[in-house]
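Me: I am new to protein structures and would like to learn how to read one. Could you take me through it step by step?

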Amino acid sequence: MIYNIRVCLLGVCAVTLLVSASAAQVTISGGAYMSGGVTTSGSGTSSGSWSDNFRKTTLAVGQVTKDEFGLDHFQTGGVAVLISDGRNRFFIATAKHVFDNPSEHWAPESLQFRGWKDEQTSRYRDFGARIVLRQNGKNLFTASSDFDLAVIPATEELLTRIELDGHKVAVLQPTDFADAKTTYDGEDVVVLGFPALVGEEYQQRALMRSGIVAWTDSSGPTNHEFLIDARIFPGNSGGPVFSTPAGVNRDASISTGRVVKLLGLVSKTVNAKPDVAFGIRLPENGLVIGAAGVGIIEPAQELIKLMDKAESEQQ
């Protein structure tokens with residue numbers, strides 16, 4: 001256990017995230033325009049594992065910082081995913097506090113983004129695509145007023161960096177988002193992210209961790225935050241939470257070859273405070289990061305509303 005540690009990554013301090021596989025591969029032309037689209041299916045969708053297509057929708061978010069020797073390098077501090085409204089627009093989606101967190105005086109003008117093609121590229125040589133978040137005092141991203149979520153239009157530079165063969169990109173569309181029927185207590189999930197505690201050596205590629213949905217709001221699981229039982233640490237913020245291609249169904253049956261859905265994005269972890277239960281107390285001012293093993297997740301369905309809001313703001 002870790003006591004009295006303050007970890008700050010992209011606006012978060014001491015708080016700290018598709019099988020048949022169906023991450024759509026969408027043809028791009030002229031930047032953020034899409035036409036057609038190929039949905040992959042079956043377990044043989046890549047030369048690697050079933051999760052590869054979903055990793056390709058996941059982005060590392062960071063800044064250019066100095067290492068202990070004074071050398072510039074890309075430092076990961078959060079996660080984002082590439083999504084589309086299904087109507088010709090691509091967006092980057094993440095936790096709102098990655099872009100803006102007044103309580104920590106965090107309001108960067110821009111951030112750097114690296115994708116799946118950068119896994120074999122040194123973060124000392126390639127800092128990723130720069131995305132401007134603010135211009136002339138105006139936010140270029142669209143934030144939710146109810147959830148810890150934000151979206152910003154994807155740039156041509158970013159789309160080019162993560163392009164697949166044939167001018168396609170792996171992207172999550174509204175049909176890939178979980179609904180109330182596919183979000184339930186006890187559902188098996190996986191989380192992708194770049195937790196800082198593993199060290200930069202293992203942050204070249206998104207780390208996958210497993211868990212289950214621990215709690216949903218009975219009045220509507222896709223209209224409220226929900227909880228997952230999984231170890232979430234600083235660096236997971238904004239990361240995707242996916243259902244699994246095999247596991248326990250809502251009716252307690254077990255199946256394989258299920259369509260994987262995006263349930264939501266990681267907001268933060270539930271940290272242990274000094275008083276944790278009757279008769280149990282941590283040292284004064286103590287805090288155990290992620291000790292509860294519970295992560296707070298923002299629902300994916302809210303991203304649909306955010307994309308609509310972003311488009312109306314830009315008209």
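**Reading the model together**

Reply: Happy to! The protein chain exposes about 13,900 Å², and carbon and sulfur atoms supply 51% of that area. Keep in mind that this is a predicted model. Of the chain's 315 residues, 54% count as buried.

Me: Thanks! How many helices and strands are there in the protein chain?

Reply: The protein chain has four helices and 24 strands.

Me: How do I read a sheet, and in what order do the seven strands of the open sheet come?

Reply: The general idea first: strands of a sheet pair through backbone hydrogen bonds, either parallel or antiparallel. Here, seven strands make an open sheet with the order β9-β8-β5-β6-β7-β13-β12, and their pairing is antiparallel. At the edges stand β9 (129-132) and β12 (142-143); each has a single partner strand, so one side of each is left without a neighbour in the sheet.

Me: Now the inside. Which residues touch the most other members of the largest nonpolar core?

Reply: As background, in soluble globular proteins, nonpolar side chains tend to be buried together. In this model the largest nonpolar core has 26 residues, and Ile83, Val151, Phe177, Phe242, Leu262 and Leu303 touch the most other members. At least two residues of this core come from each of β6 (72-84), β7 (90-94), β15 (188-193), β21 (262-269) and α4 (301-313). Apart from it lies another core, of 24 residues, including Val61, Phe90, Phe113 and Ala150.

Me: What does phenylalanine 177 touch?

Reply: Leaving aside residues up to four places away in sequence, phenylalanine 177 touches Ile83, Leu172, Lys261, Leu262, Ala300, Gln301, Leu303, Ile304 and Met307.

Me: And the outside? Which residues make the nonpolar surface patch of about 340 Å²?

Reply: That patch is made by Phe69, Leu71 and Tyr124. Tyrosine 124 sits in the loop between β8 and β9, and its relative accessible area of 38% makes it partly exposed. The loop between β8 and β9 also holds serine 122, which is partly exposed at 22% relative accessibility. Serine 122 and phenylalanine 74 are 48 residues apart along the chain, while their C-alpha atoms are separated by 8.8 Å.

Me: How many salt bridges does a search of the whole structure find?

Reply: The search finds 10 salt bridges. In one of them, the side chains of lysine 66 and aspartate 72 meet at 3.0 Å, N to O. Lysine 66 is exposed, with 56% relative accessible area, whereas aspartate 72 is partly exposed at 36%.

Me: Is aspartate 85 buried or exposed?

Reply: Aspartate 85 is buried, with a relative accessible area of 7%. Its salt bridge with arginine 87 spans 4.0 Å, N to O, and arginine 87 is partly exposed at 48%. Asp85 and Arg87 belong to a network of salt bridges that also links Asp308 and Glu311.

Me: Which salt bridge does glutamate 119 form?

Reply: Glutamate 119 forms one with arginine 205, the closest N and O atoms being 3.6 Å apart. Glutamate 119 lies in the loop between β8 and β9 and arginine 205 in the loop between β15 and β16 (207-215), so the pair ties together parts that are 86 residues apart in sequence.

How values were computed:
Residues numbered from 1 in each chain as written. Predicted model: local features only at pLDDT ≥ 70, side-chain atom pairs only at ≥ 80, totals over all residues. Heavy atoms only, no water. Core = buried A, V, L, I, M, F, W, Y, C linked by side-chain atoms within 4.5 Å. Buried < 20%, exposed > 50% of the residue type's maximum accessible area, 1.4 Å probe, protein only. Contact = heavy atoms within 4.5 Å. Pairing = 2+ DSSP bridges. Areas by Shrake-Rupley, 256 points an atom, 1.4 Å probe, with all protein chains shown as cover. Patch = residues over 30% accessible without salt bridge, like charges linked within 9 Å, V, L, I, M, F, W, Y side chains within 5 Å.
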